Amino acid sequence: MNTPANNTIALSAVLITLNAEKQLAPALESLGFCDELVVVDSNSSDNTVAIAEQYGARVVQQSWLGFGRQKQFAVAQAKNSWVLCLDADERITPELEKNIRAVIAQAGQGLLPKDVVGFDMPRCNFFLGRYLRHGEGYPDYSRRLFNRQHANWSNDAVHEKVESKVAGARFEKLQGDLLHESAESLESYLLKQNRYTSIQAHTLAARGKWPGPGKLVLSPVVRFIKFYVVRKGFLDGWPGLVHIAIGCFNSFMKYAKTRELMQQKRER
């Protein structure tokens with residue numbers, strides 16, 4: 001880890017982990033330019049903690065709270081106001097590192113606009129042996145660099161996002177890819193998506209949002225047209241087709257599961 005110069009702001013890198021021994025080392029290696037590494041682990045049974053400590057990370061144990069609250073907890077463990085949040089299967093590219101360094105230096109010198117509280121970065125997803133460069137796979141803008149005094153993760157149990165705490169705050173875009181190098185099989189990917197749609201359905205049902213038949217039918221169609229046709233997901237070959245097909249099915253199942261839950265509640 002680095003020691004910040006007098007005219008720069010220190011940057012904390014924050015990760016949450018669970019049995020991530022096969023993915024974690026490259027992520028931490030790509031974060032070597034940060035001033036602090038914080039890993040919040042959910043009682044891993046593999047070598048995740050040992051690997052994190054090998055890279056100089058401060059490890060904090062916290063039982064699983066859901067994605068949003070777990071990341072909120074992790075951000076709270078950082079010593080610095082500016083934080084960079086990564087998942088264990090993500091890596092910072094050299095170009096992205098260069099641009100992160102630049103904006104942190106600007107913040108330290110007072111050159112960053114006062115209403116800018118964070119940055120989005122293009123995430124490039126590795127899927128079925130190929131980096132997706134079109135469709136919903138790219139640029140999958142992800143908000144990962146922010147001032148935690150003015151922004152933080154939402155409470156969402158899945159598909160959490162960074163939100164501003166103050167009115168009028170802005171998030172700008174950075175150049176340089178954040179690589180998402182998940183090596184999971186199609187089977188495990190589908191199982192994960194099934195869990196995610198169930199969590200989303202419970203959230204929607206708890207809010208009392210009853211999706212009509214039109215929502216079930218039109219949501220997947222609109223998604224397919226937007227990402228596969230307009231944003232040229234077809235240029236990513238068969239991995240792009242599989243990716244959008246799963247995404248469209250997820251849209252349908254999220255609302256179908258919501259209707260099922262609300263019907264069950266009415267019958268009770």
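**Notebook: burial, cores and ring pairs**

I began with Trp153, which at 6% relative accessibility counts as buried. The model is a predicted one. I placed Trp153 in strand S9, residues 151-153. I then looked up what surrounds the residue. Leaving out residues up to four places away in sequence, Trp153 touches Gly68, Lys71, Gln72, Val75, Cys85, Arg143, Arg144, Phe146, Glu160, Lys161 and Val162. Gly68 is 85 residues from Trp153 along the chain, yet their C-alpha atoms are separated by 5.8 Å.

**Cores**

I looked up the largest nonpolar core next and found 32 residues in it; Leu11, Leu31, Leu84, Ile92, Ile100 and Leu145 touch the most other members. Elements giving two or more residues to this core include strand S1 (11-17), helix H1 (24-29), strand S4 (82-87) and strand S6 (116-127). Helix H4 gives the most, with five residues. Another core, of 16 residues, lies apart from this one, and I noted Ile16, Val60, Val117 and Phe146 among its members. I also listed the contacts of Leu145: beyond its neighbours within four places in sequence, they include Leu11, Trp82, Leu84, Ile100, Phe119 and Leu174.

**Ring pairs**

I searched the whole structure for aromatic pairs and got eight. Phe67 and Tyr196 pair edge-to-face, at 6.0 Å centre to centre and 85° between the planes. Phe67 is in helix H3 (residues 67-76) and Tyr196 in helix H5 (residues 186-206), so this pair ties together parts 129 residues apart in sequence.

Trp82 is buried at 5% relative accessibility, and Phe119 is buried at 2%. I also noted a cluster in which ring pairs link Trp64, Phe67 and Tyr196.

**Charged side chains**

I checked for charges over rings. The charged end of Arg143 sits over the ring of Phe171, 3.7 Å from its centre. For Arg266, the charged end sits over the ring of Trp210, 4.2 Å from its centre.

Last, I looked at Glu136, in the loop between strand S7 (130-131) and strand S8 (140-147). Glu136 counts as buried because its relative accessibility is 15%, and the cut-off is under 20%. Its side chain makes a polar contact with the side chain of Arg223, at 2.9 Å. Besides Arg223, Glu136 touches residues including Phe227, Arg231 and His243.

Methods
Residues numbered from 1 in each chain as written. Predicted model: local features only at pLDDT ≥ 70, side-chain atom pairs only at ≥ 80, totals over all residues. Heavy atoms only, no water. Core = buried A, V, L, I, M, F, W, Y, C linked by side-chain atoms within 4.5 Å. Buried < 20%, exposed > 50% of the residue type's maximum accessible area, 1.4 Å probe, protein only. Helix = DSSP H or I, 4+ residues; strand = E, 2+ residues; numbered from the N terminus. Contact = heavy atoms within 4.5 Å. Polar contact = N/O pair within 3.5 Å; in protein donor to acceptor, adjacent residues only side chain to side chain. Phe/Tyr/Trp six-rings, centres within 6.5 Å; stacked < 30°, edge-to-face > 60°. Lys NZ or Arg CZ within 6 Å of the ring centre and 35° of its normal.
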